[in-house]
Each structure stands twice: as structure tokens, then as C-alpha cells.
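Here is a short briefing for a first look at a protein model. Please keep the sequence and the 3D view at hand.

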Amino acid sequence: MALINLLDISIAFGSHQLLDDAALHVENGERICLTGRNGAGKSTLLRILAGSLIPDRGERIVAPEVRASLVPQEVPADLSGSVWDVVATGLASTAELLQRYHHLTTELAQADSGRQNQLLQKLDNYQRALESQGAWQFYGEIDRILSAMSLDGRADFNTLSGGLQRRVLLARALVCDPHVLLLDEPTNHLDIDAITWLEDFLLRSSRTLVFITHDRAFLRSLATRIVEVDRGKLQSWRCGYDEYLRRRQEALDAQLRQEELFDRKLSQEEQWIRQGIKARRTRNEGRVRALEEMRRQKAQRRSAQGQARMRIQQGERSGNLVLSAQGIAWSVNDTPIVRPLDIVIERGERIGLIGPNGCGKTTLLRLLLGQLPPTSGSLELGTNLQIAYFDQHRQILDPEKSVRFNVSEGVEMLDMGDHQRHVMGYLQDFLFTPDRCHTPVKALSGGERNRLLLAKLFAKPSNVLVLDEPTNDLDMETLELLEERLIEYKGTVLVVSHDRAFLNQVATSTLAYEDGWFREYVGGYDDWLRQRPAPQTPAPTVSSTPPKTRPKPQKRSASLTIPEKRELEALPATIEELEEKQAQCYERMSDPAFYQQESQEIATVNTELEEVRQRLEAAYARWEELEEKQEDR
């Protein structure tokens, strides 16, 4: 039996129908990813699953004693107090009693002997109340969850970073031991370390998951099923992300062919009904009724939303040298924020910046652009630079003004270099309907604001694009189109992102924050993982000498040793065996009956699949390493 069933769910906001007779069944042990365009209704669906939103029509059926917990996309503004207090609010009816008991125990440890007697009497009263609710198991669960997630229960929630606050929200959702965990954009605004921690945590958990994400690497790692929200309906795909893309395109192509045939037949019938008096006298009344039904179906058809057609307006060609920095650094009150860095950036490079939140990536960007004077070192900027800057906080957007005014600033026509375009037509390329063009920016969703900021930047010619977290909130189709445009761009790109798939596609080199320094590596995120030095134990202290960027590779030995030759010969068979095991795991998981097993059995297969995947990656890496070594003889 499914843990949660949604039957014929419909809900509209105003005249906009988000879900229309949609159905979804969440089975035990599944990890379902909800995908779809911004505004398609994914978050609404998640709230209906959680029971916090009642649909206009339809039924939500929950199996007996099944609990569901929702981790929202945004951190609620009304949360305050210690981390322990916030996590305790996940226990609903017992939360207030637990918080008061916790406060009293803390106060008791600090009180004098006279005050202790009064507090002990209060504690006794609360203890009896908690015992009557069976809450002691939850009290211990709070401490266990805090320990497992490396959280300090005494810390003030409002002083934590965004990443840690989201970890606290996850702990709050887990403390009631939910059967179904609902996550709305859990990776948003997390750095890569936090994302990989969350990914690993969820993979090791045997809980049923329903989550929304635009992070393709996160989706690929976690999802066992993909459910697409499209034009009010739900389409389920029991496969991985890459297979989903292929099958989805085939389904869209088939739908388009069916609609073309339908429209052609409708046109023929309309022509028939408009014939002369003789045809009307002898016409078949059943045929007339069929035509009326076709007209009704045509009127009710919800067409797929068009593709974005964004274009980056190319500026004049810059000089070959974009910038050269020698020992550039920045500090505040002798506290280093960016340690000395030597780097040369030439025209056409696409450089990705990665590192934990707060490590100084945005500060480094401002230093490299000459917007912030370095406290030491020197900077030389190239000639004829036209810089466009994407600010992650969207400060160049006026929230009180309309979408149209933010791009056009009052003019009707936009100068696109060799031609002009009307601002309304230009905005439609970024998926803004005429009605949405007149909406104030403050009413837009996060994804819409990012699309608007891209539209504003791309309307002006540039030869240097600086993008600070451009991928947050963008749907995957828009994200993939942005990747294509950046790859085609003839200028230079500097981009800060925590999206691993985006960095792999776009970056030609990477500036990674390691042990207090920014180091440069060739390639994207996966290339950095392969090249970075192995962690040392104990961790080295930060030295005062800057590391060399673009280090030369170690010289390989002249030839393979005998054991290495034997290892290389055996690797193809090993890889074939691992690929067969991986295929067997996927075949088992594609069977609908797989998710009717006990959760422990499902978790065992998931663990086996992850182990095989890691061994397969290691085997491929070793094979590549030995092949390269053999070629260098």
C-alpha cells in the first residue's frame, strides 16, 4: 500500500490552474524528484503531500500512522531561539513542554541553592506532563539528531549561516521520525561541501523522499523516480535523469505529432461544415456532434510553455589579456580575506570559482575587476573591456518597478547592435508573458527574478561576463540553455556557482578555495576533484607563502611495472563485471514490485548500487591513469 495517495487533485490560484485532476502515489522506500518549469506547481504539490495545503478538489489518503515532514525552500522568518528550541518545534504538540523543560534544566544548572528547590518542583510538574504524552523518547531523539548532524544545540539559530540554518530545518523535520521526508529545493544557497554532505546523508537514510531540485548532480545521485509537473498533470518516469530526458523528448515529439494530426482533421471538418446549402442539408448529424467535441477539446488543450530563446549580446573584441594579478590580496584589520594570488586571464577563458560560503569568492571577483583596491599586490586590466555583472543579491533590480521598466528603463525599443527589438518581444524570449511584463519585480518568484536579471544583462553588449550564483532558482531547461549560451560566448566568463554539473559544462579552469588559498586547476568541478591534492592528516596549518597556481604535472615513470601491466590487462574484465552488477541493480529498481518490499531491503539495494558506482568510477580512473602512463613511454 502506498504511504500517501493523491487522487484527482485540482487547485487554482486566481484564474491560473496549477494542478488539474492530478494523481500521485508515494511508495515506501522511493526517492521521488519533482521536476518542471518555475511556477508549474511543484511547491504547491509538496505542500499538499505534507497536508499543509488543502486542494480545491480531490483527496489525500495517508496510510495509518504515517508521518510526513516538510523542509521549506525558504527559512521561516518567525524562527528564533537556540538550535535545540528550533529542532524541538518539529515535535508539534509536545514541543512547548519540551522547550520549557529544557530551559528549566539549563537554568537549574546555573541557579543558587535557594532557587534550585523552586525549579525542581517545576521540573517535577513538567516531567509528569511529558510522561503522560510519552515525550521522553523524543527528548532523547533531539539530542541524537543534533549529534548526528554535528549541530550545537546551544547556538543561537539566527546567528547561523544560511547553510547551517537549512541543516537545522532538516533536523527539525527528522526529529519526529517521519516516514516521508519532503524537501523543497534543499540545495539552494548551500555551498558544495554542504550539498555533498546532504547528498551522502540522504543516500545513507532509508527514508522515503519526495524532493524538488534544479541541481542535476544532486538529482542524478538521489532520484529513483522522476515525476514531472507539466500543464497541471503529473507524468511519472521510473528511470534516472539522463534516461528521463531521452524518454521525455520522445513523448513530447509524439504528442506534437498527434496534435498536428488532430489540428489537420479539425481544419478539414471546419471546411466541410462551411460548405454550401447542399452539404448542410445532407450532412451527418453525428459528424456535426463530433466536430463540436473536437472544438471543445481544442479549446481545453493546454499547450506546452515555449522554450526560452535568450541571447547574449556580444560586445567588441577585447584585448588578448583580460587581466593580470600579481600577489593580489585583501584583508580587514590585518585579518586576511583573500590571500595573495597570482593569475593571468586571457580572452575566451571561462573560469569557475568554488569554495564554501563566506570564503571570499565575491570579494575576489571585485578585486579582479578593479572594483575593490587590493591591500597588497598589483592588478593590470586589459584594454577595451565591457563588463556585465550578475549580482547574486539582484541589487540592480528595482523591486517596485515593473519587469518591463527594469529592462527598458522607459524606452520602447532596445538597441541590439545591428538591429532594434521591442522590449515586449525581447522579454518573451525570457518567458515573460505580456501580463507578467507589467508585474512589479517584488511579486516575482526567485527563478523569475534571475531570468529578469539575465535579460537585463544580456540586453547590453559585453565581452566580459561576471556571474555570481546565476543558477539559483532557475529551472533545468533554462539552466541548460544558459550553459549553451555561455559556451558559445566569444568573450571571457567568471562565474561563481555551487552547481557541479553547470561547472563541468561551462568552466575551462577552476579557482578552488583550499586551506585558506585560492588555487587554479584546469577544467571544471570533476577535473578539480581528480587533480586536487589528497587531504593530509593532521591538516596542515595555513602558511604565509602563497601556493603556485597551475602547477606542472609530476613527470611520469618511463614505463609500466610488471604488476601495473597485469593490473591494466585485468581492468576491462573488472569494469565489465561492475557494469553488469550496476545494470542488475537498475533493473531490480525499475520493477514496481521493488518498492513494495521492506524499507531495509530497498536500502540494501541502494547501498549496493552506490558501492558499485564508486568502484566503477575508481576502476575507470585507474584504467585512464595506467593507459596515459603507458602512452608516455
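**Asn-5 and its surroundings**

- Asn-5 touches Leu-24, His-25, Glu-59, Arg-60 and Ile-61, leaving aside residues up to four places away in sequence. Contact means heavy atoms within 4.5 Å.
- Asn-5 belongs to strand S1 (residues 4-13). Helices (H or I, at least four residues) and strands (E, at least two) are DSSP runs, numbered from the N terminus.
- Asn-5 is buried, at a relative accessible area of 14%. Buried means under 20% relative accessible area, exposed over 50%, partly exposed in between (1.4 Å probe, protein chains only).

**Model and confidence**

- This is a predicted model: local features need pLDDT of at least 70, side-chain atom pairs count only at pLDDT 80 or more, and totals for chains, interfaces and linings use all residues. Residues are numbered from 1 along each chain as its sequence is written, and side-chain values use heavy atoms, without hydrogens and water.
- The protein chain has an average pLDDT (the predictor's confidence in each residue, from 0 to 100) of 80, and 84% of the residues score at least 70.
- Residues 537-558 have pLDDT below 50. Where pLDDT is low, the predicted coordinates should not be read in detail.

**Helix H16**

- Helix H16 (residues 446-458) has 13 residues.
- Of these 13 residues, 11 are buried, so H16 is largely enclosed by the rest of the structure.
- The buried residues of H16 include Gly-447, Arg-451 and Phe-458.
- Among the elements that the buried residues of H16 pack against are strand S14 (387-390), helix H13 (403-408) and helix H17 (476-488).

Terms used:
Expected span 1.5 Å × (residues − 1).
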